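Dear colleague,

I am handing over the structure below, and after it I set out what was found. Please read the notes alongside the coordinates.

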Amino acid sequence: MDVNQTQTKPGKRYIGIWDNHDQSGDPSETGGIIIDTYGGLMFILRVLNDSGKFDDKRINVYPQEVKNLGYRDDRRRSSENRKRKLAEFLSKLIFIFDVEAGKSLKNGQDNFFAQNIQRLPRNNDFEIDDQFVTIPVFHETDNLDQQKFEDALVDGGSVVFPVPSLISATSEGFGTFAVFQSKQQHGQGEFGTLYDGVSVKDADDDHIIFQESANQRQIHVRNIDSAKWSEGQYSGDEAQSLMFVPERYLKSKLLNEYAKQTGNLGGVAKKTAPKPIVKEVKKAATKSQKVVNKAPKAVAKHEQAAKENVAVAKKMTTRQATRNVVSEAPKQNQELDLIRRFRETVNSKEYGLTLYDNDLINFHNSVKTNLLTILTGLSGTGKSKIVTAYAEAFGILRRHNGQSNQFNMISIRPSWNDDADLLGYADTLNNNYRPADSGLLETLIDANHNPDKLYLVVFDEMNLARVEHYFSQFLSVLERRPEDRLITLYSKNIEPRLYNSDKYPSHILVPENVRFVGTMNVDESTFQMSDKLIDRSNTISLRMVPFKDRKAMAQRPSLKKEDFPEISDHAYKDMADSSRSLTSTELDFFWRLNTSINNSLPDVGISWRTLDSIEDFLANAPTTADYTAEVAFDYQVAQRILPKIRGTREMLEELIHFDRQGELAGELVDILNQSSKLSAFPLSRNVLKRKAKELQVNGFAR
């Protein structure tokens with residue numbers, strides 16, 4: 001990078017795409033993609049909002065930022081091949097970014113480059129000539145509701161907003177649109193209410209001050225059609241406080257279709273103005289009408305509310321404090337909304353499953369925080385259906401006329417004995433690579449090309465064959481760093497000989513946007529899980545719900561025919577971005593468990609890998625009235641540690657047994673009893689009770 005750059009405050013956010021024009025100004029296959037003097041790949045961006053400012057400027061994306069986008073460059077390939085691969089990656093994406101300026105070290109001229117780049121897949125309604133408008137999104141918080149927001153719009157009040165400089169350092173950068181999203185609207189998956197005719201007076205690092213509405217200037221209140229709006233808009237930051245919307249959506253024809261007018265704020269309505277339509281959200285409609293028809297007494301009340309809002313904004317003295325108020329609730333709400341969708345799908349007439357709510361949340365948190373999750377249980381308990389319902393809730397199941405390449409259920413065959421059965425093999429006689437009919441390789445290729453899409457791969461009846469044979473490479477690479485998770489398809493030496501090596505290279509990355517789930521029946525036709533497999537996965541044993549509870553679900557609602565909105569991998573990862581270290585009490589508990597287990601089973605214990613996975617699971621467990629931190633802790637003991645307790649009566653008798661009164665006893669039970677502050681451990685006790693019965697009856701626990 002030949003630029004002298006300086007650290008600056010967060011600047012205005014821009015939206016753009018790869019600019020594929022070559023030096024002659026014509027679009028080409030690899031136009032705008034450059035190999036710099038150090039051999040690194042870089043490319044040029046075209047700004048799609050406020051583009052007049054950069055019409056004659058080149059926005060560079062340097063090699064380090066290309067790497068940060070998740071693109072893996074292979075410098076062993078030819079220059080043209082490298083450019084084509086990057087072009088294929090860029091052609092499906094849209095980018096949101098800052099533009100920084102520096103001086104070129106070569107000629108001292110201004111040099112513009114993109115930083116803090118966020119990648120998103122292009123929406124279905126994207127048009128190559130689209131220009132975008134940046135719209136601020138205000139979220140309901142404890143200090144800001146829709147009434148206060150509307151009062152501020154009319155009376156010239158102040159509203160807290162996270163980092164107004166993301167739009168512009170001054171009020172001149174604000175357009176005439178704003179969005180307010182209530183908690184109710186967010187919970188229902190709606191974008192919110194659109195206000196047309198907004199005027200901003202001033203902005204600083206903490207809040208925005210609106211221009212008081214003049215008599216003849218009205219602010220139109222519109223109810224956004226979220227289904228249509230989602231086809232074109234993009235969210236611009238982690239707090240979802242910016243929205244980039246195509247200009248054509250905001251012109252009268254599409255605006256009236258995509259955001260129907262429901263009322264007016266401020267000013268005096270003209271005689272020709274249409275009568276306000278009742279809002280779907282009745283509470284919001286009532287507030288709008290109150291502002292339209294307010295009496296002098298109400299004016300004073302609203303002015304006082306606006307002043308109070310200014311005072312609240314001034315108290316928020318740090319930018320981070322403001323961001324926290326706005327961003328944490330949307331992330332939590334988004335996760336709870338996904339869980340709600342999952343529950344509705346499972347309980348629908350189409351799926352007909354009867355499961356405990358906590359088991360559903362536990363499964364979701366396991367998939368969210370672990371690359372491999374295994375569902376075990378009796379045949380016919382709906383293990384495969386649960387995973388399919390999860391994909392349905394994600395919006396990745398019914399895509400492309402009922403087909404989805406983001407959800408791949410692979411039926412394992414008893415004859416599989418190496419990874420060629422799962423992935424394919426190199427046919428050196430015909431100089432071709434023959435992919436297996438599992439479709440797993442195509443899924444991995446597609447996932448690498450679409451880094452912001454989420455992919456779910458299911459190995460149905462995973463233990464019909466020996467997992468350690470056909471899944472051996474995956475078990476090795478899943479514990480590595482994301483950039484090192486390379487699967488070998490064949491020797492690098494024969495790559496030049498294969499006709500289709502461009503599509504099927506010798507190595508393929510297992511990207512972070514792929515999650516694996518295995519289902520297992522426990523019967524005489526299957527193989528037992530090895531400690532290696534248990535150590536790398538969450539092993540979930542689904543509980544049976546009493547049959548009488550199924551009767552209460554007889555009148556199940558049908559699942560809505562329309563697809564759920566698709567959840568991106570970026571949004572999914574946002575649900576698992578919390579970090580919490582295990583406490584001293586928790587670490588002491590696990591150490592006592594490890595010591596006790598290891599004394600009876602010398603080759604078994606709690607590895608660092610297991611401890612790290614437990615830490616991630618507990619840190620990111622969603623909290624509900626029933627699914628508490630204590631419940632999550634119990635789930636982890638039951639599904640990460642106790643599956644390793646296997647062996648003969650002589651080996652396990654000190655750990656678990658029934659005493660003379662028929663009560664469960666042993667060292668493990670004593671440790672649970674002494675740790676009641678962490679959890680009551682009902683699930684873990686049931687697991688130990690089942691194993692103690694197996695020892696009593698069979699002399700062996702599995």
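Helices (H or I, at least four residues) and strands (E, at least two) are DSSP runs, numbered from the N terminus. With those labels, Phe-681 lies in the loop between H23 and helix H24 (682-698).

Before going further, please note that this is a predicted model, in which local features need pLDDT of at least 70 and side-chain atom pairs count only at pLDDT 80 or more, whereas totals for chains, interfaces and linings use all residues. Residues are numbered from 1 along each chain as its sequence is written, and side-chain values use heavy atoms, with hydrogens and water left out.

Overall picture and confidence

The protein has 24 helices and 30 strands, and of its 702 residues 53% are buried, where buried means under 20% relative accessible area, exposed means over 50%, and partly exposed lies in between (1.4 Å probe, protein chains only). Taking a contact as heavy atoms within 4.5 Å, residues 24 or more positions apart account for 74% of the contacts in the protein with a separation of 6 or more.

The average pLDDT (the predictor's confidence in each residue, from 0 to 100) is 80 for the protein, and 80% of the residues score at least 70. Confidence is highest in helix H23 (residues 667-674), with a mean of 95, and lowest in helix H7 (residues 282-292), with a mean of 38. Over residues 268-330 the pLDDT is below 50, and this stretch has 87 contacts in the model beyond near neighbours in sequence. The pLDDT also stays under 50 over residues 1-10, for which the model has 26 contacts beyond four places in sequence. Where pLDDT is low, the predicted coordinates should not be read in detail.

Two packed helices are described by the angle between their axes and the distance between the axes; here the axes are lines fitted to C-alpha atoms, for helices over the stretch in contact, and angles run from 0 to 180 degrees between N-to-C directions. Angles under 35 degrees count as roughly parallel, over 145 as roughly antiparallel, 65 to 115 as roughly perpendicular and the rest as oblique.

Helix H10 (residues 357-369) packs on helix H11 (residues 383-394) at an angle of about 70°, with the axes 12 Å apart, which makes H10 roughly perpendicular to H11. The crossing of H10 past H11 is right-handed, a crossing being left-handed if the near helix is turned anticlockwise from the far one by less than a right angle, and right-handed if clockwise. On the H10 side Phe-363, His-364 and Val-367 meet Ile-386, Val-387 and Tyr-390 of H11. The residues of this contact divide into 5 nonpolar, 1 polar and no charged, where Ala, Val, Leu, Ile, Met, Phe, Trp, Tyr, Cys and Pro count as nonpolar, Asp, Glu, Lys and Arg as charged, and the others, Gly among them, as polar.

For H19 and H23 the packing angle is about 170° and the axes are 10 Å apart, and these two helices are therefore roughly antiparallel to each other. Phe-589, Arg-592, Leu-593, Ser-596 and Ile-597 in H19 meet Glu-667, Leu-668, Ile-671, Leu-672 and Gln-674 in H23, and the residues of the contact comprise 6 nonpolar, 2 polar and 2 charged.

Ser-596, found in helix H19 (residues 584-600), counts as buried because its relative accessibility is 5%. Leaving aside neighbours within four places in sequence, Ser-596 is in contact with Leu-655, Glu-667, Leu-668 and Ile-671. Although Ser-596 and Leu-655 are 59 residues apart along the chain, their C-alpha atoms are separated by 7.4 Å.

Residues in loops

Asn-513 is placed in the loop between strand E24 (507-509) and strand E25 (514-521) and is buried, with a relative accessible area of 2%. Not counting residues up to four places away in sequence, Asn-513 touches several residues, among them Ala-447, Tyr-455 and Asp-569.

With best regards
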